[in-house]
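Colleague: Before I plan anything around this protein, could we go through the model together? I would like each answer to show how it was reached.

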Amino acid sequence: MIKLILPTVLTLLVGLGFEVGSSVSGSVPNKYPEHLTGAFTGGFGEDTCHSCHFDYPLNHDEGKLSVDGFPQEYKSGQSYMIRIHIERPGLAKAGFQLTARFADGWQAGMFSPQSDRTQFTSNTPDSIQYLQHSAKGTELTGNESTYWQFKWIAPQRQDEVQIHLAANAANGDASEFSDFILTKELQLSAAKQ
């Protein structure tokens, strides 16, 4: 009976964020990652960070997420400087992840990190760029606020682009509790040439 229950218990512990060694008594809480592995933008059926950080409603009204620089109508091949800004009372750490895709799910344009505060996510579907915060990028740039900047090079293909963004306005206690998860979805059209 114990042999049947133990795999279920170990699976539950791993799901709760524990690192399980050769014995349960040797288990230690898993350190929370400084970056995401996987897709959490909320677009195309993906989860958001709210799947783990669920204490508050999604897009809690005490947090603010803004995105500047994406044009309503993009010009093919043009480079745009993008800025993501997040703030909330008690903000101590923060992070984000975003993608730019066409309606058929293919990558739309290219992201270009401009500092060591952003990086690409690992373990995501091939050919899709998931841009996110780096370990250094979790640190704040202001009092209870932070931002990230990067470039987006618009695609040559002249179709609608969908931007999906999820951000974590965290309290910095290295747990999934008491964090605000904020999301944005933008629709960009191709400028007529």
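Modeller: Let me begin with a term: accessible areas here come from the Shrake-Rupley method with a 1.4 Å probe. Please keep in mind throughout that this is a predicted model.

Colleague: With that term in hand, what share of the accessible surface of the protein belongs to carbon and sulfur atoms?

Modeller: The accessible surface of the protein comes to about 10,500 Å². Buried residues, those under 20% relative accessible area, make up 40% of the 193 residues. Of the accessible surface, the part that belongs to carbon and sulfur atoms is 54%.

Colleague: Taking β8 and β9, do they run parallel or antiparallel, and which residue is the bridge partner of Q119?

Modeller: Strands β8 and β9, the latter covering residues 131–133, are joined by 3 bridges and run antiparallel. Within β9, the bridge partner of Q119 is Q132.

Colleague: Which residues have the most contacts inside the largest nonpolar core?

Modeller: In soluble globular proteins, nonpolar side chains tend to be buried together. The largest nonpolar core in this model has 29 residues, and β5 (79–87), β6 (93–102), β10 (145–153), β11 (161–170) and β12 (180–190) each supply at least two residues of this core. Those with the most contacts inside the core are Y74, F96, L98, W152 and V161.

Colleague: How many aromatic pairs are there, and what is the angle between the planes of F96 and F150?

Modeller: The count comes to 6 aromatic pairs, and ring pairs link F70, Y74, Y80 and W152 into a cluster. F96 lies in strand β6 and F150 in strand β10, 54 residues apart, and both count as buried because their relative accessibilities are 1% for F96 and 0% for F150. The F96 and F150 rings lie 6.2 Å centre to centre and form a stacked pair, with an angle between the planes of 10 degrees.

Colleague: Is L182 buried or exposed, and how far is L182 from L65 in space?

Modeller: L182, which has its place in strand β12, counts as buried because its relative accessibility is 3%. Leaving aside residues up to four places away in sequence, L182 touches residues including N59, H60, L65, I86 and L165. Although L182 and L65 are 117 residues apart in sequence, their C-alpha atoms are separated in space by 6.4 Å.

Colleague: Where do charged ends sit over rings, for R83 and for R88?

Modeller: The charged end of R83 sits 3.8 Å from the centre of the ring of Y147. For R88, the charged end is likewise placed over a ring, 3.8 Å from its centre, and that ring belongs to F180.

Colleague: Finally, what is the phi of E144?

Modeller: E144 has its place in the loop between β9 and β10, and counts as partly exposed because its relative accessible area is 34%. Its phi is positive, in a residue other than glycine, and the value is near 55 degrees.

How values were computed:
Residues are numbered from 1 along each chain as its sequence is written. This is a predicted model: local features need pLDDT of at least 70, side-chain atom pairs count only at pLDDT 80 or more; totals for chains, interfaces and linings use all residues. Side-chain values use heavy atoms; hydrogens and water are left out. A nonpolar core is a set of buried Ala, Val, Leu, Ile, Met, Phe, Trp, Tyr and Cys residues joined through side-chain atoms within 4.5 Å. Buried means under 20% relative accessible area, exposed over 50%, partly exposed in between (1.4 Å probe, protein chains only). Helices (H or I, at least four residues) and strands (E, at least two) are DSSP runs, numbered from the N terminus. Two strands pair if DSSP finds at least two bridges between them. Contact means heavy atoms within 4.5 Å. Rings of Phe, Tyr and Trp (its six-membered ring) pair if their centres lie within 6.5 Å; planes under 30 degrees apart count as stacked, over 60 as edge-to-face and the rest as tilted. A charge sits over a ring if NZ of Lys or CZ of Arg is within 6 Å of the ring centre and within 35 degrees of the ring normal.
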